[in-house]
Amino acid sequence: MIRLDAIHIFPLKSCAPLPLDVANVHPRGLAHDRRWLAVDENNRFITARVCPRITLVRAAPIDNGLQLDAPDMPTLRVPIPNASTRTDAVIWDDPVKPLVANEASAAWLSQFLQRPCRIVFMDATCARPVDPDRAIPGDEVSFADALPLLLLSQASVDHLNTRLERPVHFLRFRPNLLVDGVDAHAEDCWKRIRIGEAEFDLVGPCVRCVFTTIDFQTGQADPSGEPLKTLIGYRRSPKGVIFGQNLTPRRLGRVRVGDAVEILA
């Protein structure tokens with residue numbers, strides 16, 4: 001049986017993974033996933049591609065806000081910002097209008113990342129449409145790179161690890177949903193799936209970048225460029241190096257670790 005083996009969210013984009021036993025599927029992705037974002041002094045998004053230390057930040061949703069922890073830093077509770085703080089920001093080439101978190105959160109994150117920054121929040125009014133080439137009208141996404149969810153199979157990671165001198169954890173690839181019980185890269189052939197109460201369209205492979213070389217447990221990049229270096233050798237496509245599949249929800253509901261994964265198309 002194909003089953004859902006793990007669920008993870010990243011409440012602050014590029015932060016440490018937060019494991020869940022159950023999650024609610026919303027139109028923009030899993031509840032609380034990538035709804036908060038670090039931005040620089042020009043309100044442009046910050047990720048681990050340019051600031052690997054952000055992977056050491058542990059973010060967790062709390063009532064009406066976000067809790068932050070990081071090595072040698074005090075725990076900080078960040079309230080959801082007031083609507084009067086709305087600002088203009090940019091993630092990739094997408095303009096967005098998020099809310100700005102309080103000064104305490106800006107000072108906390110700036111101290112830890114050792115660079116000026118602040119945190120913004122995506123509320124219901126902060127809309128970010130999906131690229132129309134991979135969407136239907138009305139599709140939206142959180143502060144994820146491009147699409148609402150990412151799915152990966154454990155078998156794909158296991159196969160990669162047979163090619164690596166030092167195996168990597170599946171969370172190096174930051175999937176929301178990890179499935180087991182299939183052959184390596186079986187997910188590349190799926191078009192639509194059902195997990196628990198939810199259904200998803202698989203809308204294309206995830207193109208991988210230097211982020212895969214960053215160890216989220218150390219906040220440092222692999223000096224040898226792995227596993228991206230190895231992936232280039234056998235997972236290159238016209239769009240780039242692909243590993244895992246992007247999903248868009250088509251039926252909302254709850255998913256749980258252990259749920260069966262049904263291939264609908």
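In the hairpin formed by S15 and S16, where 2 residues lie between the strands, Gly196 takes a positive phi near 55°. The structure is a predicted model, in which local features need pLDDT of at least 70 and side-chain atom pairs count only at pLDDT 80 or more, while totals for chains, interfaces and linings use all residues. Residues are numbered from 1 along each chain as its sequence is written, and side-chain values use heavy atoms, with hydrogens and water left out. Helices (H or I, at least four residues) and strands (E, at least two) are DSSP runs numbered from the N terminus, and two strands are said to pair if DSSP finds at least two bridges between them.

Strand S15 (residues 192–195) pairs with S16 in the antiparallel sense over 4 bridges, and Arg192 stands opposite Asp201 in S16. S16 also pairs with strand S20 (residues 240–251), again antiparallel, over 7 bridges, with Val207 placed opposite Ile242 in S20. Of the 10 residues of strand S16 (residues 198–207), 7 are buried, so this strand is largely enclosed by the rest of the structure; buried means under 20% relative accessible area, exposed over 50%, and partly exposed in between (1.4 Å probe, protein chains only).

An open sheet is formed by 3 strands in the order S5-S12-S11, with antiparallel pairing. Its edge strands are S5 and strand S11 (99–100), each of which pairs on one side only. S11 and S12 are joined over 2 bridges in the antiparallel sense, and Leu99 stands opposite Phe121 in S12.

Asp33 is located in the loop between strand S4 (29–30) and strand S5 (36–39), and is buried, with a relative accessible area of 0%. Leaving aside neighbours within four places in sequence, Asp33 is in contact (heavy atoms within 4.5 Å) with Ile9, Phe10, Ser142, Pro148 and Asn176.
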